[in-house]
Amino acid sequence: MQNEVVSREQWLEARRALLLKEKEATRLRDSVNAARLALPWVRVDKDYVFDTPEGRKSLADLFDGRSQLLIYHFMLGPDWDAGCPGCSFLCDHVDGALPHLNHHDVTWVAVSRAPLDKIAAYKSRMGWKFPWVSSFGSEFNFDYHVSFSPDDLAKDKVLYNFTAIEPAEAHDELPGLSAFYRNDKGEVFHTYSSYARGPEELIGTLMILDRAPKGRNEDGTMNFVRRHDEYEETAKTPSCCH
């Protein structure tokens, strides 16, 4: 299917109309960002412990000397053979951002319930460098509503994305992003969490595709996504000589 073909003058008129909407969206995003920064905080009093390549660490330890911590809730359960393709898609975009985040007082860490050896194997397969730790045996994932036990899934509703949803819409693991702040006293505060499509803006490939002629060209949310080592070789476009 091809869009309507018009003159350059008609295209400019349509493009200027779209520009007004783009500017409106930018201003709305600025407003949402300001509201996000103004959210109240919750003190984290619970002692969470994580398995890391350097040994057992607390939530405060994960800050790695910085005052801000972003945790990506990566879908990789204890009995999973590989990480979620969607989470993998997002995390393909992280390593290049790490130097900028770290030098802006922000630490990024992925957390999964899978044991550390399983995390290490998948991380090596994907070629990633960002910190990734295990919350296996901890209540962390359950408290932040990204992991669900069989008992949870047997209930009438489960809480995900701040909403009570049908267990059939859930899974034993679901994605999310949580932010924390650590003050000079060592106190840790939960400042923000986002789930489902909330962290989508972190996926630069989607933002690029949104500007391509066919956009995301998907039948369902990110249904075209594969782990980056699972794509079939793209067929070359035939030239006029063939």
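These legends accompany several close-up views of a predicted model.

The model is predicted, with local features requiring pLDDT of at least 70 and side-chain atom pairs counted only at pLDDT 80 or more, while totals for chains, interfaces and linings use all residues. Residues are numbered from 1 along each chain as its sequence is written, and side-chain values use heavy atoms, with hydrogens and water left out.

**View 1. Asn141 in helix 5**. Let's start inside helix 5, which spans residues 140-143 and holds Asn141; helices (H or I, at least four residues) and strands (E, at least two) are DSSP runs, numbered from the N terminus. Asn141 is buried, at a relative accessible area of 1%. Here buried means under 20% relative accessible area, exposed means over 50%, and partly exposed lies in between (1.4 Å probe, protein chains only). Leaving aside residues up to four places away in sequence, Asn141 touches Val111, Arg113, Ser135, Val146, Ser147 and Glu173, where contact means heavy atoms within 4.5 Å. Phe74 is 67 residues from Asn141 in sequence, yet their C-alpha atoms are 10.0 Å apart in space.

**View 2. His190 in strand 10**. Strand 10 covers residues 188-195 and includes His190, which counts as buried at 18% relative accessibility. A polar atom of the His190 side chain sits 3.2 Å from the backbone oxygen of Tyr192. Beyond four places in sequence, the residues that His190 touches include Trp41, Val42, Val44 and Tyr144. Ser178, Ala179 and Phe180 are also among them.

**View 3. The salt bridge between Arg43 and Glu187**. The two side chains meet at 2.7 Å, N to O; a salt bridge is a side-chain nitrogen of Lys or Arg within 4 Å of a carboxyl oxygen of Asp or Glu. Arg43 belongs to strand 1 (residues 42-43) and Glu187 to the loop between strand 9 (176-182) and strand 10, so this pair ties together parts 144 residues apart in sequence. Arg43 is partly exposed at 42% relative accessibility, and Glu187 is partly exposed at 27%.

**View 4. Asp143 meets Lys46**. Here we return to helix 5, where Asp143 forms a salt bridge with Lys46 (2.8 Å, N to O). Lys46 lies in the loop between strand 1 and strand 2 (49-52), and the pair links distant parts of the chain, 97 residues apart. Asp143 is partly exposed at 30% relative accessibility, as is Lys46 at 39%.

**View 5. Further salt bridges**. The whole structure has 16 salt bridges. One joins the side chains of Arg66 and Asp64 at 3.6 Å, N to O, and Asp64 is exposed at 52% relative accessibility. Elsewhere, salt bridges link Arg125, Arg227, Asp229 and Glu230 in a network.

Note on methods: Polar contact = N/O pair within 3.5 Å; in protein donor to acceptor, adjacent residues only side chain to side chain.
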